[in-house]
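Hi,

Here is the structure I promised to pass on. Have a look at it first, and then read my notes below.

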Amino acid sequence: MSSTTLRAITHRLTTTPVEQLPSIASFLATSLTDCAELLSTPQTQKSGKSDSDNAVQIHKLKTRLASLLQDRSVEGRWTAVILVKATVEAGQWEILRGYEPIVRSLISILAKPDPISTRKMCIITLTRIFHLTYQYPTLVREITTPQLPGFITAALNLVSTITKTSSGSIRKPKPNTPFMEIVLHALLELIPRHITIFRPFGAQLRTLLAEVIGSSSPAYFPGHVIDAAEQLLVSLHKCAPKDQAGSGWKDDCKSTILSIHRTTDHVFRAVVEQWESVDATLMHTRPNYSQEMGDGSSDGLGLPGWSGLHSGVDRLIALLQILSGFISVPSAAAVALPIGSILDLTSRLTSVTVPPNGAVSSQSGIQFNQEISRDEREALWMELPRIHIACMGLLSNVVGILTTSATAVTQTILEQAVWTFKGERFNRDLRSAVYGLLRSLVPVNGPAMTKQSVVSLMDVLRSCCNDILPPTGNYSSTANSGSDSKAKSKGGQGTANADAFLNPDLQKSRQAQAASPFLDVQQSASGLLQAVFVSIPAELVPPSIRAEMDRSIILTSDKDAMFASVLNPVPAVKGRGAGSSIIPFLTRPYADQMEVEALVRPRMPVLMTAPELDAYVDEDEEVEDEDMADDSYNAAPKTAEFLKQPVSVPLQVPKSDHSKAATPVPTFHKRTFTEEPTAEESTPQKQDVQSKKARFDEIIPTTSQQPFSQLAPAITKTDAPKLSTHVPTTSTTVTSQAPLEAAEDSDDEVPTLNIESDTDEEDDDVTMEG
Amino acid sequence: MLSESFVASTLSSAKSPTASLRDVGVCVHELQPSSILRSTFKKSSTLTNCLAVSPSHIFTAQADKAVLHVYNREKGNQEGVVPFPERIRSIAVAGGKYGDVLVLGTEGGRLIVWETCTGRQVATTASHLQPVTSLVVDPTSNFILSGSADASVHVWSLPGILSFSKPALSATRQPTNSPIRTFSNHRAAITSLAVGHSNGRHNIVVSTAKDNTAIAWDYHTGRALRTFLLPLSATSVALDPVDRAFYVGYEDGSVQSVDFYRSQSAQHPLHDPSVQSTPAQVSMEDRWLPPSAETGSAKTITLTYDGTTLLSGHANGKVLSWNVARRKYTSSVADYTHPITNLVMLPPGGIPHPSSDLKRKAHTIVKPRHDSGLSAPNHAPGAVPAEYMFHTQIIAPSDSRKPTEFSQALTHSSFPTSMIEDGLAELAAFRQPGNAEVTRVASSTAPARESLEDTAARDSQVTELENEVAVLKKKVAVNETARHNADDEVVQLRSDLANLQDYINELHEKQEAAQQEKVLRQARKQEHETKKREAWLAAEKKGRNGDAVIQKMDIDGAVTSDSDDPSDE
């Protein structure tokens, strides 16, 4: 089938006029994907006529693609790029082998004045090819090593201009190039895989990235380009000379931290900082108060100077993001994350928060620098939340990478987050960032939290509850109450929203509209509430906050949060009766959800009361599980030997307790492992039991004949071989606590813990419950 | 491939093992699919509860020396020997799936917590009066439970011990680094601890002691949930993966399972207060007996991943496997000659498991540092010192960034549809002669120069055409206004016509009304005449002057007709 497809593709590719190829390119590419099996089959294994025919077709295809890449028309080249990518994806190694000329023509396209899309797709295709060769040393030798430097140069030429200086080459970004983002992403993808080839380009790349990240107003780059540039700058440590790969990371990380401190010296010059570093070696620069804020010289990372508060804060944020990158991007070798220095840094940045409105220096605890004008100070207040959002992002990365090992520093991080929140809760993005940070923090040390820590979180939780409610639901209620009070005080001439009176429906529609823009803050708030429900001991949360949290999640029908609340109820207080649960609010809207079912009608305890050696046996429950036995047999394929799970079915009681047709079955005597010198096997109702045996053999005749080692897991339930050997010892009395009636079926039923098969046996549970 | 292995450690004894096992103290043994010894680590002799396994390392506390051996699992060698001031009697790994916090219980009754990635080491108070012989860390990595020969179990808060900044120390009024809770229901030395698998508030721990009891209790409250009177003194305990039962191993080599779920009560049997105070008797006969009497005591037991097979390490160096469902001995898995003191199951390979999804990897441990660099600086108590570094290799990005257009295209089977469509649109624009300059990039100088002359010619043509269009437009506008005017006129006329029609109708009505009036008046006149005449005749008949009567009548008539007249005219 795929061979005919392949022939059809080559045919169309050669016969269709080049101008019309683009319109079928996408279709041809999809068809090529269908031929993946054919394209990836090693050629040596091909023998016979049809296979050699395929080889011819593949060869034709490759030749045609190579010629199309050299085609005079843009359409031809455009189509060729798409199809080359499709063949590479479909054929992998087999196709890549011998693709060197194609790679070379792809690189040459980059320098041609082709449409932007052609060149963009060209970069992606080349990246993918170099990406795939990484695993195969032969291909690396054949394709990557000779061609990758050319590609890097071509790609860099697309986005930058090179100037040679005495100390080396310097690259300046071209303004307004459509390729910047894609080139940065491509390099980011390739650097970790081909470090040695990138090594000579390290210095050039660094100058280019420094220009991009440090770009101020004249050359502007959008946020996602800067993000990519920051990630790339972080990856550059891998290009450090081989013998000092670890130190490259260390130096870069250290100079980032120092650079942040230096920028902060300037940015925070309007206040007198109370913070004192734990690192005695840290040097402070004393900014010049008479000039406009700015830093003329470039820093340790090579970022150029800046001037003005706003660009200073921009720089600070970029540096914080680079630092976040250092602790989250995969590193080349083992590194020492400077947790102490990072926390020292965030402690400095978060120690200055926006003072409450109209507060003078002494009240707010922040000492103003009298040499700086009030205007600059107020501008700093405006910029502070941005800095702190970046700080929260950095701390989130710390918690994200350390997870449970962050135990030692969680309290410190918690204090910084809560302190920042206290000062700047008016900023929605900051709230969202704090929620996100606490959400990852609370599970780490929540269970062992002290009352003091929980109490310090109360402000955050209260505002969290406000944030998850739909904004206008909140708005309209406050507006109504506000207008009521105004109506009283001002004789009905308040500034109430007149539209709200005229058109009550207006509020509803606005509510629907306004619900969407705050989605991220709602999500992080809801996540935090869940984490608090799950991890923080319920008895430490003050009842008023707990009630507010419950109310908010009910009003938003937040299933996961309601689950967390129900599973972690308020502990009953002595003398006040049982605590209340919000479980009805969970089951009403979500009755059809599996988790709700599991919560309300749990299965496991029922299963676990299943047969025991000495437990009850006389339950006349009709359980038909032959089907299930088959199922589990099928479900445990060849690994049955490994996961040897005796799916012992609970309450497996033979249907006919009263059928006394005593038909002893000889097959039982074949069973081997019967030497158990226990006295428990007294079978006063031996006949009865044997009749059951018979029934089981009728039902599962084949399986019961097999030696046990090959039995399907489920069969263990009928496995009661001891019985037959102990038939003569009927008269032995049952000892002590074992219930008498138990003995009857005890050997019939395997004593089970009923491992593993919870899901399989749901049906049974339902019937048992009923 | 799907595989399952365990780690066993032994206590060296006088017996001399086979050549392949000489000097071996720790064995990594594959249990499934085939039972073979995978790798060994040498020169170690451990007591029970003195083996800890993290994803990267194996730690063994030595039996007779105050040192800890560290083995690297990746490289398969001994990475180091860490000395401690006193003997270590039990160790446990904390720190979740990364396992980079090691908890050590000492002979003197204190705990030492060592962060293996930073080298920080914190010691607690010596709260136990006897050596700490068993240690477990709960699944949230927040609580440490330590059992001691002094019959008590202490609950410690790991964040409380490790945290740099201690919140409000004065409020608790307790010395730092002391246990938060003590469980003292046992009457003899604690032999073993097993913690439940829940992350929630209702997790349990099962402790066994030499007083022949096993107690299931809630370590969050310290409340005993159920006491089990065992037939013998248990040496080791393990919990079912779903916490449905626990298993104990005895001195005589037998093991036993104790099921929590015995009765069919809707309530969780452990949380049923009515039976919490009554100890449950566990039958002596229910024990699962070993194949022979020489196996020696079951020093350690553990369960496979699926919970269906119990492994026990015995004093005679054998690892036995037991079938949980059939409650009996199945086979002997391995024989290491020396007493087996610890068995730790490794997470299975081949099944996606949270423990295999690591973001970072510790290649080497950082030995505990004893200098003051890692204690909080004097001027800022509670602050994290600058020397606090976390040594690790980051192997996966921590935040899942949104997939960019680039990353989607990179792994797509060809290119995403949106990208191809954009390209097609661009190609189409590229073919339009007039738009070529717009889409072609500025650097493409050659084609731009070619079209320069064309542009000039085309420009003049365009202006001509534009002029023409303007003229035509003007004409059309004129026509349009004319037509509009005509239309307006017609409409005007039509409305006039209608007005006139209305007027005519009105007049007609008036005429008619006047006609009727006239007729009426005539009729009235005639009537009047007749009356007059009648009156005159009647007067004449009576002999009176008829004219006088008529005159009188005229006056009356004038009065009445006056009142009518205004309306008539």
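Let's start in chain B with β14(B), where B:Val153, B:Val155 and B:Ser157 point one way while B:His154 and B:Trp156 point the other, and all are buried (20 or more other C-beta atoms within 10 Å of a residue's own; 12 or fewer is exposed, in between is partly exposed, and C-beta atoms are placed from the backbone). In a regular strand, side chains alternate between the two faces of the sheet. The strand covers residues 153–157, and five of its five residues are buried. Strands and helices here are DSSP runs, numbered from the N terminus (E, at least two residues, for strands; H or I, at least four, for helices).

Before going on: this is a predicted model, in which local features need pLDDT of at least 70 and side-chain atom pairs count only at pLDDT 80 or more, while totals for chains, interfaces and linings use all residues. Residues are numbered from 1 along each chain as its sequence is written, and chains are lettered from A and ligands numbered from 1 in the order in which they are written.

Now for the neighbours of β14(B). β13(B), residues 143–148, pairs with β14(B) in the antiparallel sense over five bridges (pairing takes at least two DSSP bridges between two strands). Within that pair, B:Ile144 sits opposite B:Trp156. The two strands form a hairpin with four residues between them, and B:Ala151 in the turn has a positive phi of about 75°. β14(B) also pairs with β15(B), residues 181–183, antiparallel over three bridges; there B:Val155 has B:Arg181 as its bridge partner.

As for chain B overall, it has eight helices and 30 strands, and buried residues make up 40% of its 569 residues.

α8(A), residues 116–133, and α10(A), residues 180–190, pack at an angle of about 0° with their axes 10 Å apart (axes are lines fitted to C-alpha atoms over the stretch in contact, and angles run from 0 to 180 degrees between N-to-C directions). That makes α8(A) roughly parallel to α10(A), a term for angles under 35 degrees; over 145 is roughly antiparallel, 65 to 115 roughly perpendicular and the rest oblique. A:Lys120, A:Ile123, A:Thr127, A:Phe130 and A:His131 of α8(A) make the contact with A:Ile182, A:Val183, A:Ala186, A:Glu189 and A:Leu190 of α10(A) (contact means C-beta atoms, placed from the backbone, within 7 Å).

Cheers

Conventions. Contact = placed C-beta atoms within 7 Å.
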